[in-house]
Amino acid sequence: MKKTFLIITTILMTTFAFAQGCSDAGICSIGHGFQSGDKNFKNNIEVATIFGAGESDVKYFSPFISYTRQINEKIELSTKVTFSTASGSFGKRGAFGDAFLIGKYTFEEKNKKQWSALLGWKFPFTTSNLKINGYSLPLDYQSSLGTFDLFLGANFKYQKWDFNAAVQIPAFNNNKNSYFKEFSGTNDFPTTNLFERKSDVLFRTTYTLSTKDQKFTFKPNVLFIYHLGEDSYENVFGKRINYDGSEGLTINGNLISAYNINKQKSIELSLATPFVVRDIRPDGLTRSFVLALQYKYSF
């Protein structure tokens, strides 16, 4: 099992160097909220970072920290705070991104079948209009999309299988981006002035494999994400324009693997690559390389 794990990880890391990574406004990682920790511990702290390369020459370093509290056997609350640094031809800009608050309710298990439900919110720390030397930056350099988003989700667990569905709804848009391609001197990024984003729905299938000593866990999964409508921006004449091709389906393959150091500590590696993508993703979330490394401590 260990040899298989290492071979698959090596192949995927090689593939990811040339592929477009799994990136989104938050829904792609929503399945992580359905994972249950050791019932012997009430608290979990996770520290992680994501390395990535986006459109043109933009590079990303995006750490986050999260805390989960097991209220009782059925109710669990999680919080997460993100930070993102983007650097490229426009310069380097870093800022706090979003805060997440997610609650999960787990129903009683029957015949090795178990349901759980999830409700959460995403709160932006910025209005998505960070600047360098007074010049507006495209969304690729922004640490948040500036939207207050609602998450709703459900998960069905049967033995080693997990099936979860979720929706992410931009309930309130506070995006005040003022980037115009026409005035930037480059065509690398689309105009995103007063950007408005549509909702996303997700369906994910996950299968869990573990070694006999439970030291290694391997979770291959496939995600289907559908963007419900075309995003839009406001042009120089104050007219709202839709991005043709921004609506549609993205299919991602994802590999999550973890090493349990002991009952309280673990390290997790996450890799993803798409099989199907939308024609255009003006939100600046496109990645050509993504690698996420996470440390978890339970107490």
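**Close-up views of a predicted model**

**View 1. A nonpolar patch on the surface of the predicted model.** In this predicted model, the residues I45, V47, I65, Y67, Y259, I261, I267, L293, Y295, Y297 and F299 make up a nonpolar patch on the surface, and together they have about 870 Å² of accessible area. The elements that each supply two or more residues to this nonpolar patch are β1 (43–53), β2 (59–70) and β17 (289–298). Of the contributing elements, β17 gives the most, with three residues.

**View 2. Y259, one of the residues of the nonpolar patch.** Y259 belongs to strand β15, which covers residues 248–260.

**View 3. H227 in strand β12.** H227 is found in strand β12, a strand made of residues 216–227. With a relative accessible area of 1%, which is under the 20% limit, H227 is therefore classed as buried.

**View 4. The polar surroundings of the H227 side chain.** The side chains of H227 and D200 are joined by a polar contact of 2.7 Å, and a polar atom of the H227 side chain also lies 3.5 Å from the backbone oxygen of S199.

**View 5. The residues in contact with H227.** When neighbours within four places in sequence are left aside, the residues in contact with H227 are R197, K198, S199, D200, S246, E247, G248 and R278.

Methods. Residues are numbered from 1 along each chain as its sequence is written. This is a predicted model: local features need pLDDT of at least 70, side-chain atom pairs count only at pLDDT 80 or more; totals for chains, interfaces and linings use all residues. Side-chain values use heavy atoms; hydrogens and water are left out. Patches are made of residues with over 30% relative accessible area and no salt bridge: like charges are joined within 9 Å, nonpolar side chains (Val, Leu, Ile, Met, Phe, Trp, Tyr) within 5 Å. Accessible areas come from the Shrake-Rupley method with a 1.4 Å probe; for residues, only the protein chains shown count as cover. A salt bridge is a side-chain nitrogen of Lys or Arg within 4 Å of a carboxyl oxygen of Asp or Glu. Helices (H or I, at least four residues) and strands (E, at least two) are DSSP runs, numbered from the N terminus. Buried means under 20% relative accessible area, exposed over 50%, partly exposed in between (1.4 Å probe, protein chains only). A polar contact is a pair of N or O atoms within 3.5 Å; within protein, one must be able to donate a hydrogen and the other to accept it, and residues adjacent in sequence count only if both atoms are side-chain atoms. Contact means heavy atoms within 4.5 Å.
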